[in-house]
Amino acid sequence: MPHANLKLDEPVGDEVKTTTCYMCACRCGIKVHLKNGRVRYIQGNAVHPVNKGVLCAKGSAGIMQHYSPARLSKPLLRVGERGAGEFREIEWDEALALATRWLGDIRTSDPDRLAFFTGRDQSQALTGWWAQQFGTVNYAAHGGFCSVNMAAAGMYTLGGSFWEFGEPDWDQTKYLLMFGVAEDHDSNPIKLGLGKLKGRGAKIVAINPVRTGYAAIADEWIGIRPGTDGLFIGALIHELLVHDHVDLDYLVKYTNAHYLVVRNPGGADDGTFARDARGEPLCAARSSPSPARGGRPGWGQSREDASSQGGPHPNPPPRAGEGAQDALAGGGGKEQPSALSPQPSSKTPSPPNPPLEGEGFKVVPADAVGISPLVVGEFTLPDGRKAVPAFQLLAERFLADEYASETVAPQCGVDAATVRRIAAELADVAFNQAIHIAQRWTDSHGREHDEMIGRPVAMHAMRGISAHSNGFHTCRMLHVLQMLLGAIDTPGSFRYQPPYPKAVPPANRPGKSRKANGALDAAPLGYVHAPEDLLVDAAGTPRRIDKAFSWEFPLAAHGMLQSVIRNAWAGDPYRIDTLFLFMANMGWNSAMNTTQTRAMLAERDAATGEYRIPHIIYADAYWSETVNFADLVLPDTTYLERHDCISLLDRPISDADCASDAIRQPVCDPDADGTGRDVRPFQDVLIDLGARLGLPGLTNEDGGAKYPGGYAQYIVEHERAPGVGLLAGWRGRDGSRSGVGEPNPHQLDVYKANNCYWHAPVPPAGRYYKMANRNYLTWAKSLGFVGSTDAIVLELYSERLQTFRLAAQGHGAQQPPERERERVARYFDPLPFWYECVESEQPVFYSPLVGESARSAGEGAAHGISQASVAGETTTPFSPSPRPSPLKGEGEEQFPLSAITQRPMFMYHAWGSQNAWLRQIATHNYLYLHPDTAAAHGVADGNWVWVESAHARIRVPARLHAGTAPGTVWTWNAIGKRKGAWKLADGAREYTKGFLLNHVIDDLLPAREDGYRYANADPVTGQAAWFDLKVRIYASAPP
Amino acid sequence: MYPAFSVLFFTTISGCGYGLLFLLGLSLAANPLLFVRNESLLVLAAGTFFSAAGLTSSLLHLGQPQRAWRALSQWRSSWLSREGVAALVSFVPVLALAAAIWRGDSGAVVRVAAVALAVMAVITVCCTAKIYTSLKTIRAWHNGLVLPGYLAFALLGGAAMLWMLLAASGSDDALVRANLPAIVAILAAACAVIKREYWRFVDTTPAGSSAESATGLGRFGTVRGVEAPHTEENYLTNEMGFVLARKHAARLRVIALVLFALLPVALVVPAMLLQSMALVTLCAFVVVLGVIAGTFVERWLFFAEAKHVVMLYYAGTRAQE
Amino acid sequence: MTMLPPPSPKKLGLVIDLDTCVGCHACAVACKEWNDGGQFGPLPDENPYGKEPLGVWFNRVHTYEVRDEGLGARGQGEIKSSASPATFPVKPPKSAAGSDPRGRRFAGPWPLAPGPSPTMTIHFPRSCLHCETPDCVTVCPTGASYKRAEDGIVLVDEDKCIGCKLCSWACPYGAREYSEVRGVMQKCTLCVDRIYNDSFEEIDRQPACVMACPTRARHFGDLGDPDSAVSKLVAERGGYDLMPEMGYKPVNKYLPPRPRRDGCGRVGVAASGAAEEKVDLSTASPLLRWMDRILSR
Ligand SMILES: Nc1nc2c(c(=O)[nH]1)N[C@H]1C(S)=C(S)[C@@H](COP(=O)(O)OP(=O)(O)OC[C@H]3O[C@@H](n4cnc5c(=O)[nH]c(N)nc54)[C@H](O)[C@@H]3O)O[C@H]1N2
Ligand SMILES: Nc1nc2c(c(=O)[nH]1)N[C@H]1C(S)=C(S)[C@@H](COP(=O)(O)OP(=O)(O)OC[C@H]3O[C@@H](n4cnc5c(=O)[nH]c(N)nc54)[C@H](O)[C@@H]3O)O[C@H]1N2
Ligand code: SF4
Ligand code: SF4
Ligand code: SF4
Ligand code: SF4
Ligand code: SF4
Ligand SMILES: [Mo]
């Protein structure tokens, strides 16, 4: 009998429940099969809008995470020194009473002395609100070190962004440019999308110093030098402008390209928009719409009278075979100089002669319809001031030699011909291969259109751009490139995911002052609109512990978690009392300068003998590196044991065609798994704590707990605004309302019966041009996503940035302190520009401070630094000495290599290594480098090398990889682990051979003249500049 | 290939055993009265013991030895199964011969049993060799030099042992003084020649497959591994990724040659001239040790130097390479 | 029975698209998860939290690089950068290996042109190919390793296996893994316990790895039927066998990376011409062109 026991029809298990994966922030739908009460199998939920049935490696390994031996099992109270890992198990009552006492004291004295930072939090709609009720400004999640550059650049430019707020039109794009994406938050949707592109034969271009993963399957790989994308993008813009391959019609319809910018150097209005009495921005328009001077149509413009039909793209641009070829060949290059204004030949473009008001031009409100705006020329306003259209300023900047292909080529390592070819390809696809969808829609001005025209070039970018200190402007530049191509939210291009687009920037400003009940007037995080919104005191000193929203980092929309420990330790700008962390591994991979960071957590004040950070509360689910540094550890459940809510008020999981939200439901019971774990969902604990503290919103009039049922009750009953709660689906008493409606007591049950998600499809007429599409905006308004159906104007030119620059130049009520002026003025350029990453721009130190001490201590160990830190943090109080003076101008030569990290697709930061399956894929990491780089350094495959930055050095094993750009070295992120963490056995490779690049990344920049050191971050947004790291390498004996 | 001790031990020892049985069978078939009864029985017992010990050791190599009987079922396709069957079938002539000798027979029964024994011994050794030579995945095994090698080493081991056993049991005749030592020397030389040819083959024959054909990516250029699927070893890399440095291999080859060829030849000459039977016996004993040790080293190399094609998938990604 | 069955018309197998695979290991882990808890499991892990974890997997994902300086010219593989291949000034460090060059400078200029070198990175999943004439079956002494007559799936009957490992030696593709813990050979089952499973919904009757693959680079079907979707894909894309020289006739096929393009979607567009076309910005301000442009909003 062949195979007697083969069973072909065995059921998977005895029960199946749907919920949402939490092995990363992608939040895919899963079906959890249970057998005899244990998890048997987790599969992707085929009907779920996020992953459509697929499941990544981490998701499949969720079962091992759920049963990980590194799970915490009981509240812990520290008994030994910080960092030593000596704890006493305590009961929840004691833990909560203690936390209530610490926090209660703070709340009555100074709520800002609580720093509540929540890391990779998926419940920010709760935690941010909780912080607001507590009354502390010191709240943020991980965004500040993650990708706030991307988010902020998008929000301040488009009212949406890459990250997970937008996506390429996977079904229709013909050409995708991917900048610096290894994995993304949208892990599975991106992979599904790339699969689709492959199926359709669309071209994928990866701009990335490293060719792995997505870049591996790209049709073309551009191995750019890290930090220079702004040059590459600038050169693309340059080429498009030179060849007149820009969609001017799109620009004047959807962007502020035609807005008149006042030219008044030194004046308080310089660089602001010319406005009428009502404050409406103005533009110059033809007084007669007929072609007065025989202009010829250019890209994206028809040969007929463009205004005759009105509306977006009234006429399709020339299509293939209809003169497109000749347009291409002709480009703008054969343009005859206009008789009107013969200009002296000049390398840098100079403006045309000012046309005179009345000579066929008039100044009108820029947002008016039926006008024919002008995008170049200098105009005299009725009040006599001079103004030019924003587009002209942009064109002047990017037509300059600075952004010429030949200029940028040697800097970014992409040859000029390639830059030109890519630009031509973009133009060809956008304009000659435009998409026309027969779909009636109404624009925000009420005009009907029969079709939707698409520019099928899509862009996507992530941390390769944003994790640099020039990332904000680079990303903004990328959005400008998209605008020039008319490729924002059109068929085939980048698309917004609802609830985006929102106003530019969204209306909510960060909370600043406390109400009578102690709560902040608004959530601590938000969008600064003007200098007045900054969180600074009268002297301009930061009010937040992380210095977000200060003059140092004015648009730090996500806060700056990476600066909290340093600042709290230094008492700069002030001392705090309690550091309350939730799922942020700040003692390890979330920190730069990890060694000193841990030392700071463990250091006592010499004068008082108390810890410099008096109390640390940490909520984690596992024995991470950070647990040992907490005074009080609150053990969380695993993701299969709790209710959770993936809210549209937080980072949404929508796709471009559907607004979605979701929940998690407990599928396993921690009490019933026989391990005796006594853990509680953190969200329940937070709500409980809030009630114990008597926080407004969490207590009833009688002082009793408002949500004794915990988070599940809160999700259902809490209303942020009337009718708006955490979940948008099945609202209203009877569940009949979407978006806005009364709480529905059965809401969670309906979600559970519906695969734990809700989604609302965007109406067909609202699928594109969302920023100016009445069909979309009306729908969005009905769901509470936008406040009005007015068009959202894309900001090619950011007047808002200019207001900060003006403040720095001495205008306005709120001005930066003297020492910040120059920096603010420089970086708050209303137009995007490229600058060398801040660290490289400044004189570089060579200080052996940390490296030196670590070296001797760690000699013989795999990575000196972390070994040294073990002693440093537990016994010797750590006290950084002042740095020696810099060796000026030596940076590039001393540290010639860029060092970056990539996310491994099979690991999630630090969590993965406790996972029996995932760690088998990589128990340790290598430093990858191009064979030429290796040869230049005398390094052979498999050798050990020292990686040394100006800050410190580590010893690591090296491997060759020809798919790495020469001049760059890289490694997988967060594979190395601190000895003892994550409950691995002694000698685990993660401890001995795996390494963390973070050890050599300084958290501060080299000192300013007066000795002050800024955070190693983007000067606009405070985004941690992980990838600015410069190193040198040299061979070493194996440890 | 990982040189697992049990397998090396098995093929070496059982090879000697079958060599012994073969020579016994051959001798008795030619002349049932060649040896005195006790000598025959001693040799038979020794041969059986060694072959059985080898077999037992190979059972230890199994994950589920209690199911070993199942291995007899697939003789139609599997050389391993055939080897098992042959090994078991060999016990029939062994027992028959033993009984006949015990009874003092010296006629047809002994001759038939002896022929059967010799044939079964050869078949069994051939089966063993075929297990290896049939593996297309291992160039160093899948060739025509392996089978002769196995047979020659079995004969060499068997002849050396026979010599030693007869000498130790007090025989003092031409067989012990001249014929057997001469046979041993010739076999040792033959083994050396075969092995030399084999090593030349191994060193010079290009592999039939490459990382390019293993991945099918050769059409695009040269293929090199960047990352293995796992950073630590797994079953495949442990079992089939054994890496032996060339330097060590060369040294071990010399050691093997010295032990199984040079030493026997060197001792056989004095043994043939020596008067003292005790010294002859000692020589024979040392020769046996040398042959077994040499064969063991040779077998170790046979595994250690054999490259399995699957390792092409790991090309460039393993630390030892 | 380890004699091979007569060739079956039905040849179930996988088709793996190397043009699309991003090397995410999802297939490998999904496979591990499905089989670990199922009737072919467990897939033992030795030392799972220790120094050198070692486990049984039926599917593993490799990463290769392929280099050929001449690829661009042949229109295959990676395009060649139009400039000369990246030149990286090779400057051996002045210090000897292991010593500390601190304080010494590397002489500049350091690499300014790290252009793309003509190289491909290929991710490559590897599991049982369910060969038509595999020796892994015929060498098995017990009949534990067998090929199903009805669909060609190669399985191990663990109740018969004695753990002699011979079949794993006979497999050129490294598809069989053994662990001392269980003492039996284990391998990909082509999810035979899923694909025919009547207790499943139709859409779940697919191999776990195929269902999980986020790029949908894995396809499952009957390669014996020339009209099946997988057969057509193989025909269209030139699906190929691994190590055909072994003569095992793998059923699973690999789809090669498509020729990389340096042009845009359409072939033969004049785009590159436009790219090279020089626009003379010196004679007039380029801004002038836009003076006369009639735009509307
Ligand atoms: N060199 C370098 N460093 C980097 C980056 C880089 O690219 N390069 N990237 C940065 C970025 S973008 C990020 S987002 C960070 C990520 O870094 P972290 O957010 O610090 O890393 P995680 O490993 O995600 O760890 C967060 C903590 O959450 C805990 N946790 C996991 N699940 C749960 C749960 O269910 N409940 C609770 N309470 N806790 C849980 C984990 O045990 C862990 O301690 O790393 C940053 N660090
Ligand atoms: N599997 C997995 N998925 C994850 C995570 C994880 O840990 N594991 N983490 C999640 C989190 S918190 C985040 S923030 C996201 C991050 O998602 P990604 O942004 O995709 O993550 P990174 O790995 O930081 O990728 C940065 C990429 O940019 C490239 N790069 C570096 N510098 C430059 C540059 O100057 N220019 C260009 N063009 N490219 C550059 C790097 O080579 C790398 O490929 O991933 C999320 N998804
Ligand atoms: S991408 Fe993977 S880990 Fe992240 S939510 Fe989806 S399945 Fe889970
Ligand atoms: S891949 Fe290996 S295990 Fe699978 S059938 Fe072919 S030879 Fe046998
Ligand atoms: S290990 Fe098991 S399946 Fe493989 S050949 Fe031996 S008995 Fe057959
Ligand atoms: S078909 Fe099934 S057993 Fe085979 S690799 Fe895929 S998941 Fe694993
Ligand atoms: S799941 Fe798909 S994309 Fe990922 S490694 Fe496997 S085949 Fe490749
Ligand atoms: Mo992140």
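## Salt bridges, ring contacts and ligand shells

Lys203(A), Glu220(A), Arg421(A) and Glu425(A) are linked in a network of salt bridges (a salt bridge is a side-chain nitrogen of Lys or Arg within 4 Å of a carboxyl oxygen of Asp or Glu). This is a predicted model, in which local features need pLDDT of at least 70 and side-chain atom pairs count only at pLDDT 80 or more, while totals for chains, interfaces and linings use all residues. Residues are numbered from 1 along each chain as its sequence is written, chains are lettered from A and ligands numbered from 1 in the order in which they are written, and side-chain values use heavy atoms, with hydrogens and water left out.

Over all chains, the structure holds 83 salt bridges. Side chains of opposite charge can pair when their charged atoms come close.

| Glu425(A) | Lys203(A) | 2.9 Å |

In the salt bridge of Glu425(A) with Lys203(A), Glu425(A) belongs to helix α14 (residues 416-432) and Lys203(A) to strand β10 (residues 203-207) of chain A, so the pair ties together parts that are 222 residues apart in sequence. Helices (H or I, at least four residues) and strands (E, at least two) are DSSP runs, numbered from the N terminus. Both Glu425(A) and Lys203(A) are buried (buried means under 20% relative accessible area, exposed over 50%, partly exposed in between, with a 1.4 Å probe and protein chains only).

Asp249(A) and Lys253(A) sit in one helix, α10 (residues 248-254) of chain A, four residues apart, about one turn of the helix. Asp249(A) is buried, at a relative accessible area of 3%, and Lys253(A) is buried at 9%.

Asp269(A) is buried, with a relative accessible area of 18%, whereas Arg385(A) is partly exposed, with 25%.

Rings of Phe, Tyr and Trp (its six-membered ring) pair if their centres lie within 6.5 Å; planes under 30 degrees apart count as stacked, over 60 as edge-to-face and the rest as tilted. Phe49(B) and Phe50(B) form an edge-to-face pair, 5.5 Å centre to centre with 65° between the planes. Phe49(B) is exposed, with a relative accessible area of 54%, and Phe50(B) is partly exposed, with 21%. Tyr173(C) and Tyr248(C) are also edge-to-face, at 6.4 Å and 85°, and both are buried. In chain A, ring pairs join Phe116(A), Trp130(A), Phe134(A), Tyr139(A), Phe580(A), Phe582(A) and Phe682(A) into a cluster.

Arg82(A) lies over the face of Tyr611(A), 4.0 Å from the ring centre (a charge sits over a ring if NZ of Lys or CZ of Arg is within 6 Å of the ring centre and within 35 degrees of the ring normal).

The residues around ligand 6 include Cys31(C), Cys188(C), Cys191(C) and Cys209(C), counted where one of their heavy atoms lies within 4 Å of the ligand. This shell divides into seven nonpolar, four polar and no charged residues.

Terms used: Nonpolar A, V, L, I, M, F, W, Y, C, P; charged D, E, K, R; others polar.
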